[in-house]
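Reader: Please show me the model. I would like to ask about the terms used for it.

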Amino acid sequence: MDFYQINLVAFVLLNGSMVYRQYRQDKRAELSEKIQELDAESDTESDQGHVAKVDRAPATSSAKQFANIFFPVYVLVWGADWLQGPFIYTLYKDEKNLPEEIVARLFTTGFLAGAVSALFVGSLADKLGRKNACLAYCAITSLSCLSVLSNNISVLFAGRALGGLGTTLMYTVFEAWMVTEYNQRGLERTSLKLSTIFGRMITLSSVVAVLAGLMGQVLVSWAGTKCAPFVASIGCLAPASLIISRKWSENFGDSGAPKEKKDSLKLLLGVDKQILTLGLTSCCFEGSMYLFIFFWSPALKSSHLLAHHHSALPFGIIFASFMGAMMLGSMLFTKILTDKRWMTCRELLQAVVTLASGSLLFTIFFRNEYVTFWLFCLFEACVGMYFPAMGYQKGKVVADGERAHIYGLLRIPFNIFVVVALSLTKEGDAYREVIFMICSGLLLIVSAVVGVFLHD
């Protein structure tokens with residue numbers, strides 16, 4: 001096995017070990033909960049005790065039903081997204097032979113569409129229904145995937161615009177539906193805690209991403225084109241749409257008075273410093289993450305050539321390794337925050353942002369291919385801890401009634417940040433290193449802001 005295959009196997013074994021330990025721990029917790037319930041039933045003879053026993057069973061059943069309808073959709077939706085991830089840049093650059101400036105403009109178009117759509121997508125979802133918005137995401141993203149089959153530059157740009165709109169929907173309406181549904185079902189009374197759900201979401205996303213990276217590599221080899229994973233994505237979105245339409249209930253934001261919507265906008269603009277802090281964190285961290293998505297493959301290719309290696313890099317295997325690192329980060333989040341309670345969510349978020357800053361900065365000073373790969377894996381591990389931490393913080397701070405609206409608005413600054421960076425893209429290592437250095441500095445600033453303004 002070569003270097004990248006060995007690292008992938010190591011991530012699989014390490015993650016498998018942690019999954020097994022988590023499974024054993026969950027089973028022990030479930031057994032302990034059942035024993036406590038039996039003890040409570042035997043000790044309680046009053047009418048109030050009987051009511052409590054009756055109330056607990058429907059809540060537990062509702063939690064299982066909720067998990068059974070949400071997580072399969074989440075897996076399919078993210079599977080569709082991850083199938084495309086390793087091949088977007090190389091499809092445009094290597095297969096369609098587009099100049100780097102045009103590739104950057106295609107990416108910029110997607111982020112610009114995401115920024116513009118963030119102005120209205122969330123409020124429309126709150127008004128027309130988050131379930132309907134999730135169905136719209138599946139249709140829009142399917143059209144975006146179909147666009148790569150064309151070599152017409154106008155069709156490619158239209159596809160990236162649809163992709164940007166779809167990304168905004170994916171990052172806002174699914175989570176908004178989930179948190180609101182969780183609260184409406186009263187699942188906080190069960191053992192299924194919101195922080196646990198966010199941790200499982202990223203863990204599942206990482207597992208799917210590893211499988212998607214490998215499957216994408218197989219599909220490209222079999223079909224002889226990097227368009228194949230995009231077509232396969234449609235095959236994931238179709239069953240997701242079916243489950244959503246048949247199993248999900250609709251939920252809405254508050255249709256209330258204009259004053260309420262004005263107040264929510266004031267919160268975003270800074271009256272509530274916690275929401276402003278979350279917006280700044282989202283802008284800098286997620287903006288850095290998307291720039292990383294654009295630049296990781298040329299960065300590794302450059303290091304590969306510096307080592308006088310002329311073979312093609314196995315992008316599918318490398319991407320699967322990154323997702324293995326992200327999965328490891330998500331399980332560390334659950335272990336640190338939920339199981340061991342070593343630190344608060346705010347402290348963990350601050351540490352993750354600081355560590356991500358260092359991982360990007362050191363890629364500038366260490367040009368060795370293998371060190372660069374490991375630093376990128378460290379950054380992905382930070383991503384795995386960041387998203388559940390950020391999701392949990394947003395779940396506490398943002399009200400259900402304006403959840404999709406606020407989530408959408410929070411994506412505007414980071415889309416603008418990425419658009420500006422990509423619009424100035426140039427060929428060569430120097431520009432990429434400047435981008436990584438700027439991102440590293442911004443993340444250090446965010447770390448300080450989180451420590452000052454975000455509450456536990």
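Predicted model: local features only at pLDDT ≥ 70, side-chain atom pairs only at ≥ 80, totals over all residues.

Reader: Why is Asn7 called buried?
Author: Buried means under 20% relative accessible area, exposed over 50%, and partly exposed in between, with a 1.4 Å probe and protein chains only. Asn7 has 12%, so the label is buried. Asn7 sits in helix H1, residues 3-43. Helices here are DSSP runs of H or I, at least four residues, numbered from the N terminus.

Reader: Which residues does Asn7 touch, leaving out those up to four places away in sequence?
Author: Ser321, Phe373 and Trp374. Contact means heavy atoms within 4.5 Å.

Reader: How do you know that Cys284 is in no disulfide?
Author: A disulfide is a pair of cysteine sulfur atoms within 2.5 Å. Searching the whole structure gives 0 disulfides. For Cys284, the nearest cysteine sulfur belongs to Cys283, 4.6 Å away. Cys284 is also buried, at 6% relative accessible area. Cys345 is buried, with a value of 6%.

Reader: What makes the pair of Phe295 and Phe436 edge-to-face?
Author: Rings of Phe, Tyr and Trp (its six-membered ring) pair if their centres lie within 6.5 Å; planes under 30 degrees apart count as stacked, over 60 as edge-to-face, the rest as tilted. The whole structure holds 34 aromatic pairs. In this one, the ring centres are 6.3 Å apart and the planes stand at 85 degrees, so the pair is edge-to-face. Phe295 belongs to helix H11 (residues 273-306) and Phe436 to helix H16 (residues 429-453), so the pair ties together parts 141 residues apart in sequence.

Reader: Why does Leu119 count as exposed?
Author: Its relative accessibility is 53%, so Leu119 counts as exposed. Leu119 lies in the loop between H4 and H5.

Reader: Which residues form the nonpolar patch on the surface?
Author: Leu112, Val116, Leu119, Phe120, Leu124 and Leu128, with about 550 Å² of accessible area together. Helix H4 (100-117) and helix H5 (121-128) each give at least two of the patch residues. Patch residues have over 30% relative accessible area and no salt bridge; like charges are joined within 9 Å, nonpolar side chains (Val, Leu, Ile, Met, Phe, Trp, Tyr) within 5 Å. A salt bridge is a side-chain nitrogen of Lys or Arg within 4 Å of a carboxyl oxygen of Asp or Glu. Areas come from the Shrake-Rupley method with a 1.4 Å probe; for residues, only the protein chains shown count as cover.

Notes. Residues numbered from 1 in each chain as written. Heavy atoms only, no water.
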